[in-house]
Amino acid sequence: MLGWLHPARVGQAVRLKLQDIGWSARLLLRLLASGSKTFRRGGLVVDQLHFLGNYSLAIITVSGLFVGFVLGLQGYYTLQRYGSSEALGLLVALALVRELGPVVSALLFAGRAGTSLTAEIGLMKAGEQLAAMEMMAVDPVQRVLAPRFWAGVIAMPLLAAVFSAVGIIGGWVVGVLMIGVDEGAFWSQMQGGVDVWADVGNGIIKSFVFGVTVTFVALLQGYASKPTPEGVSRATTRTVVMASLAVLGLDFVLTALMFSI
């Protein structure tokens, strides 16, 4: 066991890790710089947007509805203790647009769309399709990765908006229709307390950052996976774990920067 603590082994491990980080950073910069070229062939982005966005709507909508149900129920019981049940709409809206909408949507997006991206790119690599593109002087980053990257970046804020909207409807169903909170107070408190720029705008920024993060992690793991079935399966697992941890960590950092200044 002590052999792994030898300075040469430690130095080699650190060098390899820094090399991986540098290669990943260069890939991210290439993807970010590919926007103008990618959107010239918008059909590729639209196809991937349909694949990543439309096919994720079901799980986003159902999850948002049930999260709204829970927020409405728990929020009412908590606010009732202080005689503030009329602020239920404000509580539900702020919780969704600030935190739960972007974060839960990103986690669901990583589990559904991120894994499919990793598996697709990994299988293309295992089938030597990416190598064949390079042999034909076709850049696989520009042709395969970039459309998927920008489609994920676009889809994530839209899915987060759908999640938040459906969640608010779910909170209204539980709070107004089932429990009996005054409907006028529910909507007026929400309208008066939610700021477009400070709350909704920051939620959109969060979802955009999460879209870049989750999509890049998924593409990176697929592109760097070993060209074997076991390598693809491990890359898919790493996508869920790394993307989820990155989303939660970035959420803390972004919240600290946005709402404490």
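**Exercise 1.** In which helix is the place of Trp172? Determine also its exposure and its contacts.

*Solution.* Trp172 belongs to helix H7, helices being DSSP runs (H or I, at least four residues) numbered from the N terminus. This is a predicted model, in which local features need pLDDT of at least 70, side-chain atom pairs count only at pLDDT 80 or more, and totals for chains, interfaces and linings use all residues. Residues are numbered from 1 along each chain as its sequence is written, and side-chain values use heavy atoms, with hydrogens and water left out. Next, the relative accessible area of Trp172 is 21%, so the residue is partly exposed (buried means under 20%, exposed over 50%, partly exposed in between; 1.4 Å probe, protein chains only). Finally, not counting residues up to four places away in sequence, Trp172 touches Leu177, Glu183, Phe186 and Trp187 (contact: heavy atoms within 4.5 Å).

**Exercise 2.** Classify the ring pairs that link Phe39, Phe149 and Trp150.

*Solution.* Rings of Phe, Tyr and Trp (its six-membered ring) pair if their centres lie within 6.5 Å; planes under 30 degrees apart are stacked, over 60 edge-to-face and the rest tilted. The centres of Phe39 and Trp150 are 5.9 Å apart and their planes stand at 55°, so this pair is tilted. Phe39 lies in helix H2 (residues 35–40) and Trp150 in helix H7, so the pair ties together parts 111 residues apart in sequence. Phe149 and Trp150, at 5.3 Å centre to centre and 80° between the planes, are edge-to-face.

Note on methods: Helices (H or I, at least four residues) and strands (E, at least two) are DSSP runs, numbered from the N terminus.
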